[in-house]
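User: Hi! Could you walk me through this protein while I have it open on my screen?
Analyst: Happy to. Here it comes.

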Amino acid sequence: MPAPSPIRWATALSLIGHGALFVFFGAYPFLPGNRDSLPTLTLTVSMESGRDTEQQSAPRNPREIELGPAEKPVTALVADEKPSELEPDDDTGQSDPAPPPPPSGPAGSAAAPETLASGSPEPTETTDIITTTGDSERVVPTGPPAAEATIALQVIPSTQQAELTRRILKWAQGLRDSGDTPSQLSWEQDGRAYTAVLKRRPATSNTDIESAIVEISTTEDGKELRTLLHLKRLAFSHFTQLVDQWDAKVQLHDDEVVGRFHSNTEITLGYDRVIAPRFNGKVTTAARGFTISSWSNKRPRNEIFRAGLETRVGRISLPHRFLKVLTGKSDLSNAQRRTFDRDTRITFYPDGTYGAQRLARDAREERVVLGATPALLIGSRGTQLHVSGTLSGNVLVYSPEGITIEGNLFYAHDPRRVADAPDYLGLASDHFIEVAGPEVTGPGDIEIDAAIYARRRFTVTEEYKPDRATLFIYGSLTAGTLSATEPRFATRVEFDPRFEHTRPPGFPMTNHYEVEDWDGAWRPVEEEQE
């Protein structure tokens, strides 16, 4: 065996010396006299299977938990439904799932240890701390769970809803003048007894809409059930266009109606390859159908009646007199009134005034401030009124004889551009309302912003003068009958949606109600009383 070389002896001595230094200096921090210098051991625990949602939503710092009396949870109303009686799109009655718990740190991740401890008081003595992150098994007691308050609903089958609605609306139609006293109706249907109690809410002002509440009750399997319907009485201004007797010589041709349309008789249509009438709202008629007078190319029904057509519905009668004798009992008693005993031209101005000028030679115009109170401008018997201008106010113009529109009638505050626009105009006559000839109105389009009621006839004069213009009515048009408008005017009648909840002062109401709100469900009376 050969002897070791000098280089090997030097290498061995170097290793021994470095080992001794390492042992001495590495062990020094762990000597008993220097415990404060111990390094902190951080243990991080991650759960690969996900977090416990219930525990995640609880505060991590016990000092931040403030215990108080448990609140009584109230669940969403749950319908006790029968799947066979529901349409695929019907609401199942189930409540939406609870929202996810708030994230415990930025972007929903776990907060760093120093963030969790930042709200805690600093320790008074130096201690050895091992900080961990992860789910805690500790549960903070919150007391026994509170009982949930629920009301079981039983969905009324669609066929039963339709029959109840038909019966109630027919009954309400005959009670329109019964005052504010509750009325009761009882009947039997399919072996079940029903009772309905109707309480009317009269209009509170001359611009309000009358309504009613109907409570229907019945018994099933020994349980008393009830449901509530909210009804709204329709004013004539609820219809974009309503015609009592359609003139068979007049065709709906280059015309558009945006909103609900009703006729008590058959309407007549005419169309060709280029032009056809368009109904963008529901169309109802008391007749069995409609008549096509002329056509050169077949068109599908849903292209003309875009929101559907319903035939053989109830007739909507027009009152014989628009205004009865104005007394303190009238809903017009709180309005300012002015009566004109001679033919008068009324011109509205955007500053909230109107001008009144007699149709006589050298007559001067009188300017009057409308003010904030609804105004009634009334022509006496045999007097005609002529109107035009830009209205800033709430006005009804009425003449038992007739009204002539001499030009544009605008609102100073356009409701299509101004939220809660305060301007309303009603034009009403027991005989006729007409649009003057082009020598008065001038050529081109005419716009009328108003609710119009012409008991006998709405007329466009000199309609055979070709102008290729449009008569645009923004509001509503009710007439006993209509004249032709072409070739002078194509017509477009668009509903003013404000008329769903209000009406021009004193505008007449129909004899029809409609269901405004109904959840279509029975409620057990005992559970409602608890």
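User: Which residues does F458 touch, leaving out those up to four places away in sequence?
Analyst: F458 touches I433, V435, I452, L471, I473, L477, A479, T481, L482 and S483. Contact here means heavy atoms within 4.5 Å. This is a predicted model, where local features need pLDDT of at least 70, side-chain atom pairs count only at pLDDT 80 or more, and totals for chains, interfaces and linings use all residues. Residues are numbered from 1 along each chain as its sequence is written, and side-chain values use heavy atoms, with hydrogens and water left out.

User: Which members of the largest nonpolar core touch the most others?
Analyst: They are F279, F348, V397, L425, L427, I448 and F458, in a core of 69 residues. Strand β27 (residues 446–454) gives this core its largest share, seven residues. A nonpolar core is a set of buried Ala, Val, Leu, Ile, Met, Phe, Trp, Tyr and Cys residues joined through side-chain atoms within 4.5 Å. Buried means under 20% relative accessible area, exposed over 50%, and partly exposed in between, with a 1.4 Å probe and protein chains only. Strands (E, at least two residues) and helices (H or I, at least four) are DSSP runs numbered from the N terminus.

User: What lies apart from that core?
Analyst: Another core, of 19 residues, with W171, L175, L225 and W518 among them.

User: And overall, how many helices and strands are there?
Analyst: Seven helices and 32 strands. Of the 530 residues, 39% count as buried.

User: New topic: where is P487, and is its peptide bond from E486 cis or trans?
Analyst: P487 sits in the loop between β29 (469–479) and β30 (489–495). The bond from E486 to P487 is cis, with omega near 10 degrees.

User: What is phi of D221?
Analyst: Near 55 degrees, a positive value in a residue other than glycine. D221 belongs to the loop between β7 (211–220) and β8 (223–235).

User: Is D221 buried or exposed?
Analyst: D221 counts as exposed, because its relative accessibility is 76%.

User: What about D362, what phi does that have?
Analyst: D362 is not a glycine either, and has a positive phi of about 65 degrees. Its place is the loop between β19 (353–358) and β20 (366–369). At 73% relative accessibility, D362 counts as exposed.
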